[in-house]
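Please read them with the structure open.

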Amino acid sequence: MTTISSTGPVAALLILRRPEANAADGAANAADSVLMTANNVSAEPGKATTQATAAAANAVLDKQARADAMVTLAIDFLESDKFKSSDPGVKDKLKALIESNGAALAARIESEREHDPSMPIETAIANALTATIRANRKQFGEGEIVVGYDTRLDGKLLHYVADIDGKSGAQMLFDSHEATRIAYDDARNMRDQATGEAEGPASLAFLQAQRRYEQSSLVMREWQNMWYKLFKWD
């Protein structure tokens, strides 16, 4: 189990007690009332604070356990056949980074799930692993990296990371495809709105844009199939 450092119960106790040490009697009474309301316990001196501290400590422990579980899942995924990479050294480097700072990976996974609560855990792990490569780019090889994740719910995912100079053939490919898609949508809208003498040129422009988009889509599928073959995916 990878150890993840976080705020411990003692720190939580200090955080709760600091306002009490500096507050006037009226403020202290108000704080006891807040604790009583929040925790549904008596404002008897010390009782509310003790129970609130225990609750805070349990929350920290629950967060720690959840983070540990996520890191374990990530390492298991990384070491399985579900993870592929164009650079064989990526797996060992990623594992070393996770073992030295599991908290960073756990935080990335949590962020992915918070952004999209419906995201499957394996997809969140995949995104977090790719983000870890990008965040530590200089520790990996100089060339562009393509990584593959075979997830149970979202299927096979291909991610790419630019080379050490920030250049990416895959990014250029995707940008070009997106441009043809936008041009195709615009041409279709112009065709649909054209009237009279403008209908002929608009229809021709649409057909040309459609042809370019179909060609671009074919190139994208060929790129994907190439990596599926290299990763020995069916």
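1. Confidence. This is a predicted model. The protein chain averages a pLDDT of 80, and 74% of the residues score at least 70. I would read both sets of contacts with the pLDDT values beside them.

2. Overall make-up. The protein chain has eight helices and three strands. From the N terminus, the order is α-α-α-β-α-α-α-β-β-α-α. Of its 234 residues, 32% count as buried. Contacts between residues 24 or more positions apart make up 62% of those with a separation of 6 or more.

3. Strand pairing. Strand β1 covers residues 83-85 and pairs with β2 in the antiparallel sense, over three bridges. In that pairing, K84 stands opposite G148 of β2. Strands β2 and β3 also run antiparallel, joined by seven bridges. Here Y149 stands opposite L157 of β3. A hairpin of three residues connects β2 to β3.

4. Burial of β2. How many of the seven residues of β2 are buried? Six are, so the strand is largely enclosed by the rest of the structure.

5. Main core. The largest nonpolar core has 28 residues. Within this core, F83, V90, L94, L129, I133 and Y149 touch the most other members. At least two core residues come from each of α3 (47-78), α4 (89-100), α5, α6 (121-135), β2 (145-151) and β3 (155-161). The most come from α3, which gives seven. As background, nonpolar side chains tend to be buried together in soluble globular proteins.

6. Outside the four places on either side in sequence, L129 touches L78, L94, I98, L105 and Y149.

7. Geometry of α5. Does the length of this helix agree or disagree with expectation? It agrees: at 1.5 Å a residue, the 14 residues of α5 (residues 102-115) should span 20 Å, and the end C-alpha atoms are 20 Å apart.

8. Faces of α5. Which residues of α5 are buried? They are G102, L105, A106 and I109. Seen down the helix axis, the buried residues fall within an arc of 100 degrees, so they line one face of α5. The general rule is that an α-helix has 3.6 residues a turn, so residues three or four places apart point the same way. Exposed residues E114 and H115 sit on the face of α5 turned away from its buried side.

9. E110. This residue lies in helix α5. Leaving aside neighbours within four places in sequence, E110 is in contact with R66 and M70. E110 and A128 are 18 residues apart in sequence, and their C-alpha atoms are 9.1 Å apart in space.

Notes: Residues numbered from 1 in each chain as written. Heavy atoms only, no water. Helix = DSSP H or I, 4+ residues; strand = E, 2+ residues; numbered from the N terminus. Expected span 1.5 Å × (residues − 1). Buried < 20%, exposed > 50% of the residue type's maximum accessible area, 1.4 Å probe, protein only. Arc of directions from axis to C-beta. pLDDT = per-residue confidence, 0-100. Core = buried A, V, L, I, M, F, W, Y, C linked by side-chain atoms within 4.5 Å. Contact = heavy atoms within 4.5 Å. Pairing = 2+ DSSP bridges.
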